[in-house]
Amino acid sequence: MFTTRPELAGTFGMVASTHWLASAAGMAVLERGGNAFDAAAAAGFTLHVTEPHMNGPGGEVPAIFATAADPVPHVLCGQGVAPAAATIGRFRAEGLTLVPGTGLLAATVPGAVGAWLTLLRDHGTLPLRDILRYAIEYAEHGHPAAESVVLTIETVEELFRTYWPTSAAQWLPVARPGELVRNPALAATYRRLVDEAVGPTREAQLDAAIRAWSEGFVAEELDVFCRTEILDDSGRPHTGLLTGADLAAWRPSYERPVRLDAFGWTVHKVGAWSQGPVLLQQLAVLRELGELPPAGSAEEIHRVVEVAKLCFADRDANYGDADVPLDHLLSAGYAAERARLVTDRAAEPLRPGTGRLPAHVTEGDEVPVTGIGTGEPTLSPLGTTRGDTCHIDVVDRWGNVISATPSGGWLQSSPTVPSLGFCLGTRAQMFWLEEGLPNSLAPGKRPRTTLSPSLATRDGRVLSFGTPGGDQQDQWQLSFLLNHAAHGMNLQEAIDAPAWHTTAFASSFHPRATGTELVIESRVDDAVREELARRGHHVVVAQPWSLGRLSAVSRDSGTGLLHAAANARGMQGYAIGR
């Protein structure tokens, strides 16, 4: 099978991410003697600089990892919570039925930097200076602007000029693709974190950096900036609700992942405050349906899409930072019930088997779209880049491995904080302003995020994988895993295979519309697309290499062999290793 690049193999270390400079920074850290967690953090901070339309310091990062000393996977939660002042009543008093997708009202506590610093403190080996040097150098001296960054800035150029002057000062005039761009304010922020990382031990130094972020100069600057009135996509200006006290009250946390055995692997996911368990639900239902049809056939695509529609309806009716009945949702009995709903015809969407869908979804509330910024960070149905998320996978020779999906703090979604060089996130747009739902807005609560890193284990082997893509993450990851685990493709073949997804569920992003389409890359055979249409699917043909930006790494403890692969889609992702 032709692949766009080889599946890498070696024994020293592997780094795969959504930008070649981040992968190179991670590999440089491995070469300096750092471990997988040092390398992942260096790559993550570099992505803040090189993919600012996809993630930033004001965003968030969930991760799943295993250490050489303890191969049992753990979750690191770098998803910040809603501010203390963020109540449904507060938003309703503003005349809002949804949390805006842009501006300051949608900010949660920024979690990404605290999570990376916590990971370094507890599992890294190198000093902070050695981790941040790459991000600082690229921010201070420049890095070549990726075409997708340029296109994103062009999309919101008028917004910046007219309403968000701090963003205009940082990002305008628009650079040309490949031209060096700099962010001296962000470089200064990271230099100050390094300078404030003082203490008798490496752990104490990282604790000092965490305090500088959450209780010191960063928290103080964000508090001041959030008192500014900013126009958002409600069409009106609002000040933010986030305060320095909100930052001081929150810290990243560790959790056990949710897991399921399917197709010969144990798959581990972040809990139901993310959409992660929806991948496991899909696997459980597919397992009940028996042997998979041939890879890429109309029968396989139809089956997988129909299962996705059922499971994403369950996501929207049940998931959130609440007491979610995952034991029931992942049980064989419930999966069998759901499997019996799959026929040879395309079914209607929005059929949860338990729980309650939001009224906005079932009653079809219309929300005006103003075009103020870009609330959704991912790909349009046709694969047109509007922004995105990031992903990082790292494995080292000792057996440390991590899958992380940084996102939020998109330059196009909230104005730049000029003294810090980055903007806040807008993840609160994923809450519902309706009482009594698992994902209803409440102070101190995590929004049900789309970010969904993955680990899978099997007989001494570990596989780390993930992708950007908002609601599509756990559809594209499912296709990858089925290609690898059930159809026997290697990592690169599984990534390069034609991709598809359905939009037939409620979007997680403002204005929270429900789609109808089966989006499929044009590389899929005409006869397959025609058969899917005959079965009742609304088939929309996307560009041939446009859906997903997966990466993956793996390790076999029996042989010591490491493997890695990355995505040609988007022309930025890269895997490096030896």
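In the predicted model, serine 407 is in contact with Met54, Asn55, Gly59, Glu60, Thr389, Arg427 and Leu451, leaving aside its neighbours within four places in sequence. The residue sits in the loop between strand E13 (401–404) and strand E14 (416–417). Serine 407 is buried, because its relative accessible area is 0%. One of its contacts is polar: the side chain of serine 407 meets the side chain of arginine 427 at 3.2 Å.

Two helix pairs were examined. Helix H5 (residues 128–141) packs with helix H9 (residues 184–196) at an angle of about 165 degrees, and their axes are 8 Å apart. H5 is therefore roughly antiparallel to H9, since an angle over 145 degrees counts as such. The crossing of H5 and H9 is left-handed. On the H5 side, the contact is made by Leu128, Arg129, Leu132, Ala135, Ile136, Ala139 and Glu140. H9 contributes Pro184, Ala187, Tyr190, Arg191, Leu193 and Val194. By class, 10 residues in the contact of H5 with H9 are nonpolar, three are charged and none is polar.

The second pair is formed by helix H13 (residues 277–288) and helix H14 (residues 298–318). Their axes come within 9 Å and cross at roughly 135 degrees. H13 is therefore oblique to H14. The crossing of H13 and H14 is right-handed. Val278, Gln281, Gln282, Val285 and Leu286 of H13 take part in the contact. From H14 come Arg303, Val304, Val307, Ala308, Cys311, Phe312, Asp314 and Arg315. The contact of H13 with H14 comprises eight nonpolar, two polar and three charged residues.

Aspartate 314 belongs to helix H14. Its relative accessibility is 0%, so aspartate 314 counts as buried. Beyond residues up to four places away in sequence, aspartate 314 touches Gln281, Tyr319, Leu329, Tyr334, Arg338, Pro352, Gly353 and Thr354. Gln281 is also among the residues of H13 in the contact with H14.

Proline 144 lies in strand E5 (residues 143–144). Relative accessibility is 30% here, so proline 144 counts as partly exposed. Neighbours within four places in sequence aside, proline 144 is in contact with Leu21, Gly178, Glu179 and Leu180. Proline 544 lies 400 residues from proline 144 along the chain, and their C-alpha atoms are separated by 26 Å.

Backbone geometry was considered next. Most residues other than glycine have a negative phi, and most peptide bonds are trans. The peptide bond from leucine 172 to proline 173 is cis, with omega near -5 degrees. Proline 173 is located in the loop between helix H8 (165–171) and strand E6 (180–181). The bond from histidine 510 to proline 511 is also cis, with omega near 10 degrees. Proline 511 lies in the loop between strand E18 (500–502) and strand E19 (517–521).

Positive phi values occur at aspartate 459 and methionine 571. For aspartate 459, phi is near 50 degrees. This aspartate is placed in the loop between strand E16 (454–458) and strand E17 (461–466). Aspartate 459 counts as exposed because its relative accessibility is 70%. For methionine 571, phi is about 55 degrees. Methionine 571 is found in the loop between strand E22 (562–566) and strand E23 (574–577). With a relative accessibility of 69%, methionine 571 counts as exposed.

Conventions: Residues are numbered from 1 along each chain as its sequence is written. This is a predicted model: local features need pLDDT of at least 70, side-chain atom pairs count only at pLDDT 80 or more; totals for chains, interfaces and linings use all residues. Side-chain values use heavy atoms; hydrogens and water are left out. Axes are lines fitted to C-alpha atoms, for helices over the stretch in contact, and angles run from 0 to 180 degrees between N-to-C directions. Helices (H or I, at least four residues) and strands (E, at least two) are DSSP runs, numbered from the N terminus. Angles under 35 degrees count as roughly parallel, over 145 as roughly antiparallel, 65 to 115 as roughly perpendicular and the rest as oblique. A crossing is left-handed if the near helix is turned anticlockwise from the far one by less than a right angle, and right-handed if clockwise. Contact means heavy atoms within 4.5 Å. Ala, Val, Leu, Ile, Met, Phe, Trp, Tyr, Cys and Pro count as nonpolar, Asp, Glu, Lys and Arg as charged, and the others, Gly among them, as polar. Buried means under 20% relative accessible area, exposed over 50%, partly exposed in between (1.4 Å probe, protein chains only). A polar contact is a pair of N or O atoms within 3.5 Å; within protein, one must be able to donate a hydrogen and the other to accept it, and residues adjacent in sequence count only if both atoms are side-chain atoms.
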